[in-house]
Amino acid sequence: MNNKDKSIKCKSCRSFNKLYEKCVFSYIKTDAGICCLDQVIVNKDSKCEFYKKRIKTEKTVPLEHIDEVIEDIKILERIYYNDGC
């Protein structure tokens, strides 16, 4: 079995949507999912001819969040070095 065969599984396909089972307090992931192209329920380790790799998305952080983190770090530095607020 080569590396290509290992990576071609439904769970890493762009058309695979995971199914969740409803429990009392939350939802639990199942080993099954829905293939959007075939419109059938498949196992996460299944293979098919419609396999397409997932598109990697870049996550951006807004400047407001970075500024908040920098302010928090400055406050922690003051506390650590006993400068107070």
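## Overview

Of the 85 residues in the protein chain, 8% count as buried. The model described here is a predicted one. The chain holds 2 helices and 3 strands. Read from the N terminus, these elements follow the order α-β-β-β-α.

## Cysteines

Cys 13 is buried, with a relative accessible area of 5%. Cys 35 is likewise buried, and its relative accessible area is 5%. Both values fall under the 20% limit, which means that these residues are classed as buried.

A disulfide is a covalent bond between the sulfur atoms of two cysteines. When the whole structure is searched for such bonds, 0 disulfides are found. For a pair to be counted, the cysteine sulfur atoms would have to lie within 2.5 Å.

## The salt bridge

A search of the whole structure for salt bridges finds 1. Lys 44 forms a salt bridge with Asp 31, and the closest N and O atoms are 3.6 Å apart. Lys 44 lies in the loop between strand E3 (40-43) and H2, while Asp 31 belongs to strand E2 (residues 27-35), so the pair ties together parts that are 13 residues apart in sequence.

## The negative patch

A patch of negative charge is found on the surface, where Glu 64, Asp 67, Glu 68, Glu 71 and Asp 72 gather. One of these residues, Asp 67, has its place in helix H2, which covers residues 63-80. Asp 67 counts as partly exposed because its relative accessibility is 47%.

## The nonpolar patch

The surface also carries a nonpolar patch of about 360 Å². Val 61, Leu 63, Ile 66 and Ile 70 make up this patch. Among them, Ile 66 is placed in helix H2. With a relative accessible area of 37%, Ile 66 is partly exposed.

## Summary

The predicted model shows a chain with the order α-β-β-β-α. Its salt bridge joins Lys 44 and Asp 31, and the search for disulfides gives 0.

Notes:
Residues are numbered from 1 along each chain as its sequence is written. This is a predicted model: local features need pLDDT of at least 70, side-chain atom pairs count only at pLDDT 80 or more; totals for chains, interfaces and linings use all residues. Side-chain values use heavy atoms; hydrogens and water are left out. Patches are made of residues with over 30% relative accessible area and no salt bridge: like charges are joined within 9 Å, nonpolar side chains (Val, Leu, Ile, Met, Phe, Trp, Tyr) within 5 Å. Accessible areas come from the Shrake-Rupley method with a 1.4 Å probe; for residues, only the protein chains shown count as cover. A salt bridge is a side-chain nitrogen of Lys or Arg within 4 Å of a carboxyl oxygen of Asp or Glu. Lys and Arg count as positive and Asp and Glu as negative; His and the chain ends are not counted. The place of a charge is taken as NZ of Lys, CZ of Arg, CG of Asp or CD of Glu. Helices (H or I, at least four residues) and strands (E, at least two) are DSSP runs, numbered from the N terminus. Buried means under 20% relative accessible area, exposed over 50%, partly exposed in between (1.4 Å probe, protein chains only).
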